[in-house]
Structures are given as structure tokens and as C-alpha cells.
Amino acid sequence: MRPPRPPAPTDVSATLRIELQGRKIEARLTVPAGPVKPQAALPAIQSLVNAVVDSAERATAAAGKPVSCRKGCGACCRQLVPVSDVEAHALRALVDAMPAERKARVEARFSAAAETLQAAGLKEFLLNPRRLPTDDSQGLGFRYFEQRLDCPFLEDEACSIHPDRPLVCREYLVTSPAANCSAIEAAELAPVEIPKLSALARTMTDPGGDVAARWTALALALPWVAANPDSAALKPGPAWINAFLDRLNRNATGQPVAGSAATG
Ligand code: SF4
């Protein structure tokens with residue numbers, strides 16, 4: 001794992017201590033102090049998700065069910081991966097920063113993915129999940145998986161953007177045999193139970209928003225960004241994090257899910 005970027009003089013840091021699903025989580029969060037787009041706060045949320053995932057991984061190992069995911073197994077990278085508007089814009093910027101040859105290669109994979117999803121009749125829903133019937137999300141996942149579509153960032157069965165991968169990619173771990181992930185229609189999967197902070201992070205730019213509607217497919221992130229220019233406001237980095245933590249503290253039932261304390 002790439003070490004976190006060293007704090008810049010204009011950054012502020014805090015240690016966040018929360019309890020999620022009975023487990024104590026501690027993460028050091030660093031954000032720019034001044035007004036920034038929400039993408040600049042994403043690394044801090046990635047740090048928090050990493051801490052949550054590490055804690056879940058330790059707990060499942062201690063319970064005698066170690067995680068079976070290994071580098072070189074990219075089976076889950078052919079599943080439908082939902083990313084937020086903020087993550088889609090961050091991925092666009094990541095691709096734009098690649099050397100020209102690699103950028104062209106990755107963009108070509110995105111174009112091919114869009115064509116495959118268009119031919120399968122899935123592209124329209126995936127670019128705008130609000131149009132999806134509410135009871136069809138699992139069916140959509142299976143139809144997507146049937147395309148056997150590699151994530152545009154999958155290279156040699158490994159994630160080529162591992163330090164920058166979306167939040168939901170971090171949260172997907174299994175204890176079942178790797179082979180089962182290649183046949184999710186038929187085989188039993190045993191995912192590790194991990195609080196889905198990625199879903200809450202979809203509302204960074206719309207704190208009251210519906211997490212079920214605020215995503216697009218990772219494989220369509222570039223065309224999604226082309227159709228949805230970045231209109232997010234500039235806010236101080238801590239304001240983005242506080243809004244996310246507020247949302248974290250209000251789960252679907254309105255009950256607090258975390259007792260939190262942040263210290264500088
Ligand atoms: S971003 Fe990386 S981890 Fe996520 S689906 Fe793509 S290749 Fe897999």
C-alpha cells in the first residue's frame with residue numbers, strides 16, 4: 001500500500017476515533033485547510049475506509065475465517081462497481097495525469113466497456129441509476145457480470161491503480177474460495193461484513209441525497225464525467241469531512257452508528 005502523502009503546510013490533520021459494529025476504529029485524517037473540491041478530501045475518507053477494512057479483516061482472521069483475496073485474483077473486478085460523482089471526477093483526473101501512452105490505453109478500454117454495455121442494453125441505467133426499478137439492483141448486477149467485462153484498470157489480474165482505487169473496491173473481501181468469485185451466479189460467496197462507508201460517501205456533494213441513486217458504474221466513469229461536468233462547490237477540507245461524518249452518524253434508521261471524537 002502506498003504510504004499517505006506527507007501533509008503539506010496548508011493541510012490540517014485530526015485523529016478520528018469511532019466505533020462501528022462494535023469495533024473501535026482509529027484513523028488519522030489529513031485534508032487541505034482551505035477551500036477545495038470534494039475530490040481533495042477523498043484521500044482522508046480512503047484512510048478511514050482502510051482502517052475500517054483492516055479492522056474487519058483482523059476480526060475475521062481472529063474468528064478463524066481469514067480473507068482469501070490475493071493479488072493476481074481479479075475476479076471481483078468484473079463485477080458492477082458503483083462509484084460516486086466525486087470518485088468519477090477523481091478517476092478522470094487520475095487518467096488525465098497518466099503518461100500519454102498509458103492514458104490512451106486506459107481510455108481505449110473505457111470506450112470498449114461503454115460499447116459492450118451499450119450493446120447489452122445496460123449503459124443507460126448505469127449512467128443514471130435513478131431510472132432503475134428499485135427492486136432490480138441484484139438483477140442488474142448479474143446482467144453486468146454476464147458481460148465478463150474487465151474493469152478498465154485491471155491489468156494482469158491486478159488493480160493498476162491500487163492506491164487510488166474506489167472506496168467500494170476496498171470494502172470487498174471474501175473468505176470463500178477465490179474460484180467462487182468467478183461464478184457468482186452458481187457458487188456461494190462469503191463476503192466479509194464491512195460497513196459500507198462507500199455508499200454514504202456518495203452523498204458528499206448532496207448530504208441529504210439518496211445513496212441508491214447517486215452512483216454510476218466505474219466502467220462508465222469517463223463518459224459519465226463527460227456528461228456531468230464538475231459543478232461541486234469549493235469548501236474547506238474539514239467541512240467536506242465533517243459533512244461526511246454527519247452522514248455517517250445518521251444511519252438509515254436515524255440512529256447514531258458511531259460515537260466519534262476528533263482531535264488535532
Ligand atoms: S479499480 Fe481496481 S480493484 Fe476496483 S474493480 Fe478496477 S481493477 Fe478492480
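Colleague: Why does F110 count as buried?

Modeller: Buried means under 20% relative accessible area, exposed over 50% and partly exposed in between, with a 1.4 Å probe and protein chains only. F110 has 2% relative accessibility, so F110 counts as buried. F153 is buried too, with a relative accessible area of 2%. Bear in mind that this is a predicted model, where local features need pLDDT of at least 70, side-chain atom pairs count only at pLDDT 80 or more, and totals for chains, interfaces and linings use all residues. Residues are numbered from 1 along each chain as its sequence is written, and side-chain values use heavy atoms, leaving out hydrogens and water.

Colleague: What makes F110 and F153 an aromatic pair that is edge-to-face?

Modeller: Rings of Phe, Tyr and Trp (its six-membered ring) pair if their centres lie within 6.5 Å; planes under 30 degrees apart count as stacked, over 60 as edge-to-face and the rest as tilted. By this rule the count comes to one aromatic pair. F110 and F153 are 5.4 Å apart centre to centre, with 75° between the planes, and form an edge-to-face pair.

Colleague: How do you know that the charged end of K235 sits over the ring of W240?

Modeller: A charge sits over a ring if NZ of Lys or CZ of Arg is within 6 Å of the ring centre and within 35 degrees of the ring normal. The charged end of K235 is 4.6 Å from the centre of the W240 ring and sits over that ring.
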